[in-house]
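Biologist: I am new to this structure and would like to go through it with you. Could you show it to me, please?

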Amino acid sequence: MALRIHTFGLTLLLPVLVNFCGAPPKVKQHYAQHCAACHDIGAGGAPTLKAKTDWKIRRNQDPQDILRAVRKGFVGMPPSGRCTNCSDDDLLALIRFMRDGV
Ligand code: HEC
């Protein structure tokens, strides 16, 4: 009986916890849709999600500079990461999520 109550409590609590941890669902959804294919595995030298060493050289860069680079695209990185309908704010949130995990 106690176990059943415990499990029930967890199923109620988990979605709430997931929603309050880390980036907003919209950012995670954009990431999964447009960026994960390359950035999850580091395809073509892409900095991987939250990998601290990959992002070290970019940590002190102005997010606006990174945004400009992302918009334009470079080397293996397609313009806007192929998220053509992402706003600047969307991309800035994605950059923050990828670099800092928030
Ligand atoms: C087709 C593969 C691919 C996709 C899709 C992709 N990227 Fe990239 N990205 C790369 C590669 C490769 C690099 C590293 C390029 C280099 O440094 O030579 C990179 C680098 C970056 C960087 C580092 C910029 C810097 O100043 O060094 C950011 C930020 C970034 N990507 C954001 C994104 C975002 C946001 C998305 C999704 C909206 C995305 N990327 C989708 C391949 C990709």
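Modeller: A word on terms comes before the details: helices here are DSSP runs of H or I with at least four residues, numbered from the N terminus. Please also keep in mind that this is a predicted model.

Biologist: Understood. Which helix gives the most to the shell around the ligand?

Modeller: That is α2, with five residues. Helices α2 (25-39), α4 (63-72) and α5 (88-100) each supply at least two residues of the shell.

Biologist: And how many residues surround the ligand in total?

Modeller: There are 25, and the closest are Cys-35, Cys-38, Gly-76, Met-77 and Gly-81. By class, the shell holds 17 nonpolar, six polar and two charged residues.

Biologist: Let us step back to the fold. How many helices and strands does the chain have?

Modeller: The chain has five helices and zero strands, so its elements, read from the N terminus, are α-α-α-α-α. Of its 102 residues, 14% count as buried. Among contacts between residues at least 6 apart in sequence, 59% join residues at least 24 apart.

Biologist: Back to α2. Where is its kink centred?

Modeller: The kink, of about 55 degrees, is centred on Gln-33.

Biologist: Which residues of α2 are buried?

Modeller: They are His-30, Tyr-31, His-34, Cys-35 and His-39. Helix α5 is included in what covers them.

Biologist: What makes up the largest nonpolar core?

Modeller: It has nine residues: Tyr-31, Cys-35, Val-70, Cys-86, Leu-91, Leu-94, Ile-95, Phe-97 and Met-98. Helices α2 and α5 each supply at least two residues of this core, and the largest share, five residues, comes from α5.

Biologist: What does Phe-97 touch?

Modeller: Leaving aside residues up to four places away in sequence, Phe-97 touches Ala-23, Val-27, Tyr-31 and Val-102.

Biologist: One more residue, then: why does Arg-96 count as partly exposed?

Modeller: Arg-96 lies in helix α5. It counts as partly exposed because it has 15 C-beta neighbours inside 10 Å, and a residue is buried at 20 or more and exposed at 12 or fewer.

Biologist: How far is Arg-96 from Pro-63?

Modeller: The two are 33 residues apart in sequence, and their C-alpha atoms are 8.2 Å apart in space.

Technical notes: Residues numbered from 1 in each chain as written. Predicted model: local features only at pLDDT ≥ 70, side-chain atom pairs only at ≥ 80, totals over all residues. Near = placed C-beta within 6 Å. Nonpolar A, V, L, I, M, F, W, Y, C, P; charged D, E, K, R; others polar. Contact = placed C-beta atoms within 7 Å. Bend = angle between axes of the 7 residues up to and from the residue. Core = buried A, V, L, I, M, F, W, Y, C linked by C-beta atoms within 7 Å.
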